[in-house]
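Me: I'm new to reading protein models and would like to go through this one step by step. Could we do it as questions and answers?

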Amino acid sequence: MKHTENILRIIEERKITSYKLAKETGISESLFSKWRENPSSKIRSEILVLIADYLDCSVDYLLGRTENPEINKQPKE
């Protein structure tokens with residue numbers, strides 16, 4: 001599965017509209033339309049981080065590299 005398809009699936013599963021995600025992250029809503037039209041579109045790393053932070057999951061999860069949405073947080077010293 002392409003990473004854009006994976007992101008669209010995740011936000012759909014969580015019942016988050018692209019409008020809400022765009023508004024709360026500052027990402028252009030037209031970007032989501034672009035992904036729907038062309039799922040092979042590339043995503044800048046900054047956008048991936050914004051989406052992962054908003055969804056409270058790892059970038060690897062968004063990319064489909066892991067089934068685990070948990071972020072591997074390092075313990076604070």
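This is a predicted model: local features need pLDDT of at least 70, side-chain atom pairs count only at pLDDT 80 or more; totals for chains, interfaces and linings use all residues.

Me: Which residues does serine 58 contact, leaving aside its neighbours within four places in sequence?
Reply: Contact here means heavy atoms within 4.5 Å. With those neighbours set aside, the partners of serine 58 are Ala52, Thr66, Asn68, Pro69, Glu70 and Ile71.

Me: What radius of gyration does the chain have, and what would a compact globule have?
Reply: The C-alpha atoms fill a box of roughly 45 × 25 × 25 Å along the principal axes. A compact globule with 77 residues would have a radius of gyration near 11 Å. That agrees with the value for the chain, which is 12 Å.

Me: How much of the chain is buried?
Reply: The accessible surface comes to about 5,600 Å², and 46% of that belongs to carbon and sulfur atoms. As for the residues, there are 77 in the chain, and the buried share is 34%.

Me: How far apart are the mean positions of the positive and negative charges?
Reply: The chain has 13 positive and 13 negative charges.

Me: Now helix 1. Which of its residues are buried?
Reply: Helix 1 covers residues 3-13. Its buried residues have cover that includes helix 2, helix 3, helix 4 and helix 5. Those buried residues are Thr4, Asn6, Ile7, Leu8, Ile10 and Ile11.

Me: What does threonine 4 touch, not counting residues up to four places away in sequence?
Reply: Threonine 4 sits in helix 1. Its relative accessible area is 0%, so it counts as buried. Beyond those sequence neighbours, threonine 4 touches Trp35, Pro39, Ser40, Ser41 and Ile43.

Me: I see a tryptophan there. How many aromatic pairs does the whole structure have, and of what kind?
Reply: A search of the whole structure turns up one aromatic pair. Its members are phenylalanine 32 and tryptophan 35, with 5.2 Å centre to centre and 75° between the planes. Planes over 60 degrees apart count as edge-to-face, so this pair is edge-to-face.

Me: How much of a helix separates phenylalanine 32 and tryptophan 35?
Reply: Both residues of the pair, phenylalanine 32 and tryptophan 35, are buried. An α-helix has 3.6 residues a turn, so residues three or four places apart point the same way. Phenylalanine 32 and tryptophan 35 are three residues apart in helix 3, so their separation is about one helical turn.

Me: What's the phi of lysine 15?
Reply: Lysine 15 is in the loop between helix 1 and helix 2, just after helix 1. It's exposed, at 74% relative accessibility. Although lysine 15 is not a glycine, its phi is positive, at about 60°.

Me: And what's the phi of aspartate 56?
Reply: Aspartate 56 lies in the loop between helix 4 and helix 5. Its relative accessible area is 55%, so it counts as exposed. Aspartate 56 is a residue other than glycine with a positive phi, near 55°.

Me: Last one: how far apart in space are glutamate 37 and glutamate 5?
Reply: Glutamate 37 belongs to helix 3 and is exposed, with a relative accessible area of 70%. In sequence, glutamate 37 and glutamate 5 are 32 residues apart. In space, C-alpha to C-alpha, the distance is 10 Å.

Conventions:
Residues are numbered from 1 along each chain as its sequence is written. Side-chain values use heavy atoms; hydrogens and water are left out. The radius of gyration is taken over C-alpha atoms; the globule rule is 2.2 Å times the number of residues to the power 0.38. Buried means under 20% relative accessible area, exposed over 50%, partly exposed in between (1.4 Å probe, protein chains only). Accessible areas come from the Shrake-Rupley method with a 1.4 Å probe; for residues, only the protein chains shown count as cover. Lys and Arg count as positive and Asp and Glu as negative; His and the chain ends are not counted. The place of a charge is taken as NZ of Lys, CZ of Arg, CG of Asp or CD of Glu. Helices (H or I, at least four residues) and strands (E, at least two) are DSSP runs, numbered from the N terminus. Rings of Phe, Tyr and Trp (its six-membered ring) pair if their centres lie within 6.5 Å; planes under 30 degrees apart count as stacked, over 60 as edge-to-face and the rest as tilted.
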